[in-house]
Amino acid sequence: MSPLTVFLRTLAKSTAIFLGAGVIFLNPTLDLAGSRAVTAQKSPAETAADVLIGALKDSDAGVRRQAAHSLGQMRSARAVPALIDAMKDDNAEVRAQVMWALAETEDRRATPALAAALKDSDPKVRARAASALAEFEDPAALDALIAAVRDSNVDVRKNVIRALGQIGDARALPALTEAMKDADASVRRQAILAIAEISDGDDDHHGSAHPHPMPMPHPMPMPMPNPNPMPNPNPHPNPHNLRNWR
């Protein structure tokens, strides 16, 4: 992990912790009584995650959306069950933000819920769900993604096809081949990329199963030394030309 990545992740976590404290300040009605007794046993990140998890049930949709965003920045594994439950939120913007947060965690416990969200009534949510599944690369979502290749929304279809390419399972090839006939050119391009990605993955697999080592080159023979070298025809300088040596 590069120093820049470590810095950005640390900054994101610090920001989320700060926002968690802000949620407490702005929402004093949050029920924290049950958590006060064990706060001393938790790290600041765990305490902030628990506060933000509670904020996922706030009465204001903007607060719920911000809580999901902050949990995504923290990549909190302890928040995954609560985020999965928040996928049932009445507000589509909150559900979409929850999908993004789950994608950031890359926790495959969310795969079944994300696969089910491919049938959400809001196309933005369906697109986010497909995008999250692309990050997971979980073969368990394959059937749901194949069924969503014909979604009515262009962005959803592109994200679904990208996810199938990321998973790299050859069982998706018939659906991807059919997607190359899509009315939208960007969908057709994405299908081509996904098919190529699956093909490259198969080549890598076969290559590792049946390696073909390169043959060793034949060494070049070393030249034999001349046993009778020619004598120097002028071993001594011409005495008449000694003036040129001075």
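## A tour of charged side chains

Begin by selecting glutamate 93, which is partly exposed because its relative accessible area is 38%, the term covering values between buried (under 20%) and exposed (over 50%), with a 1.4 Å probe and protein chains only. The model is predicted, so local features need pLDDT of at least 70 and side-chain atom pairs count only at pLDDT 80 or more, while totals for chains, interfaces and linings use all residues. Residues are numbered from 1 along each chain as its sequence is written, and side-chain values use heavy atoms, leaving out hydrogens and water.

Lysine 124 lies in helix α8 (residues 123-136) and glutamate 93 in helix α6 (residues 92-105), so the pair ties together parts 31 residues apart in sequence; helices are DSSP runs of H or I with at least four residues, numbered from the N terminus.

Now select arginine 126 and aspartate 151, whose side chains meet in a salt bridge at 2.8 Å, N to O. This pair links distant parts of the chain, with arginine 126 in helix α8 and aspartate 151 in the loop between α9 (142-147) and α10 (154-167). Arginine 126 counts as buried at 9% relative accessibility, and aspartate 151 counts as buried at 12%.

Finally, select Lys42, Glu46, Asp50 and Arg78, which are linked in a network of salt bridges; within this group, aspartate 50 and arginine 78 have their closest N and O atoms 3.1 Å apart.

Definitions and conventions
A salt bridge is a side-chain nitrogen of Lys or Arg within 4 Å of a carboxyl oxygen of Asp or Glu. Helices (H or I, at least four residues) and strands (E, at least two) are DSSP runs, numbered from the N terminus.
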